[in-house]
Amino acid sequence: MADHTHRLGEVMLSYRFMAMEMDGVRDRTDRISNADVFAQGYMVSPTRMRMEMHMLGAMWAPNDRVTLMAMAPWIDNRMRHVTAGGGQFTTRSEGLGDLKLTALLPVRHGPAGEWQINLGIGLPTGSIDAEDGTPASGGANVQLPYPMQLGSGTWDLLLGANWRRLWNDWSAGAQLNAVIRTGENDHDYTLGDRYAGSTWLARRWTPSWSTSLRLAAETWGDIDGADEDLAPMAPMMVPTADPQRRAGSRVDLHVGVNYYRQSAPFRGHRLSLEFGKPVYQHLDGPQLETDWITTAGWQYKY
């Protein structure tokens, strides 16, 4: 994401669909059962979550020194649960996530590769008031726990640095990103900061087809403060409502394939698909562990 800049007047439109499947519960590096969750005093254990995101993006270069980027996500979350008494239920939240506005600034271009920095801001357009019914609420809508909310509720700083090099039919790159939360949202809490790093190697096999291999690492912190509206689902009701059980880190391995159209019709269109699985997870749990991640994308530059 945001690994390149454009020249004066160039525009690129994009659409991405991302799906993440989370199945099973982990505490630190250990996979644990629902019975282990109940043994810690919780009345409800999450069992599975599916997150789907549709991301619309646009990039535009007003000059050769800066490229502007805007990204708008639509998020659909579903989480399954089991109660200590054996009952099962599912909650869902859907809507607009946080908009992101970023400036991409090239800082160096030479034989050793291209360097750029990314400076942006995340707008609190995603809801932090998502509600749904639960057995404990008698079916009435109540505030959903933190992982089911659609945004941060705060203005976030988006910082990044990127290196990319191309030679013959090969390319390589590395990227560092940070999301720094600012202030406290309307529910009296602040999500933990997130730090991510990624490095990749790609090979072009024909003028249109290429494949890639990418290693990505991410770490994030606990929540500062607490949402008082979650009192009916106080921390000992379900671990997803505990602000001190949200930190973690993960390393994923991704493989990808890209198709770039070289001739009419549809010249300049690119299709991509990437699939990833975690190779390491350390969660301040009990938390749902990630099972797989897939992203399909379309881009068009003119």
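Patches are built from residues with over 30% relative accessible area and no salt bridge, like charges being joined within 9 Å and nonpolar side chains (Val, Leu, Ile, Met, Phe, Trp, Tyr) within 5 Å. The model is predicted: local features need pLDDT of at least 70, side-chain atom pairs count only at pLDDT 80 or more, and totals for chains, interfaces and linings use all residues. Residues are numbered from 1 along each chain as its sequence is written, and side-chain values use heavy atoms, with hydrogens and water left out.

**Exercise 1. The charged patch**

Task: Determine which residues form the negative surface patch, and state where E184 lies.

Solution. 
Step 1. Asp and Glu count as negative and Lys and Arg as positive, while His and the chain ends are not counted. Each charge is placed at NZ of Lys, CZ of Arg, CG of Asp or CD of Glu.
Step 2. The patch consists of D129, E131, E184, D186, D188, D224, E228 and D229.
Step 3. Strands are DSSP runs (E, at least two residues), numbered from the N terminus. E184 is in the loop that joins β11 (170–182) to β12 (189–190).

**Exercise 2. The nonpolar patch**

Task: Identify the residues that make the nonpolar surface patch and the element that gives the most to it.

Solution. 
Step 1. L213, L215, L253, V255, F275, V279 and Y280 make a patch of about 610 Å², where accessible areas follow the Shrake-Rupley method with a 1.4 Å probe and, for residues, only the protein chains shown count as cover.
Step 2. Two or more of these residues come from each of β14 (209–220), β16 (248–260) and β17.
Step 3. With three residues, β17 gives the most. V279 belongs to strand β17 and is exposed, its relative accessible area being 55%; exposed denotes over 50%, buried under 20%, and partly exposed the range in between (1.4 Å probe, protein chains only).

**Exercise 3. The core**

Task: Describe the largest nonpolar core and find the residues with the most contacts inside it.

Solution. 
Step 1. A nonpolar core is a set of buried Ala, Val, Leu, Ile, Met, Phe, Trp, Tyr and Cys residues joined through side-chain atoms within 4.5 Å.
Step 2. The largest such core has 24 residues, and M49, M69 and L288 have the most contacts inside it.
Step 3. At least two core residues are supplied by each of β1 (11–28), β3 (44–63), β4 (66–83) and β17 (269–301). The largest share, five residues, is that of β3.
Step 4. L104 is placed in strand β6 (residues 99–110) and is buried, at 0% relative accessible area.

**Exercise 4. Salt bridges**

Task: Which salt bridges does D169 form with R203 and R204, and how many salt bridges does the count give?

Solution. 
Step 1. A salt bridge requires a side-chain nitrogen of Lys or Arg within 4 Å of a carboxyl oxygen of Asp or Glu. The count comes to 18.
Step 2. The closest N and O atoms of D169 and R203 are 3.9 Å apart. D169 is in the loop between β10 (155–167) and β11, and R203 is in strand β13 (residues 194–204), 34 residues away.
Step 3. For R204 and D169 the closest N and O atoms are 3.1 Å apart. R204 lies in strand β13 and D169 in the loop between β10 and β11, so this pair ties together parts 35 residues apart in sequence.
Step 4. Relative accessible areas are 35% for D169, 21% for R203 and 42% for R204; D169 is partly exposed.

Technical notes. Helix = DSSP H or I, 4+ residues; strand = E, 2+ residues; numbered from the N terminus.
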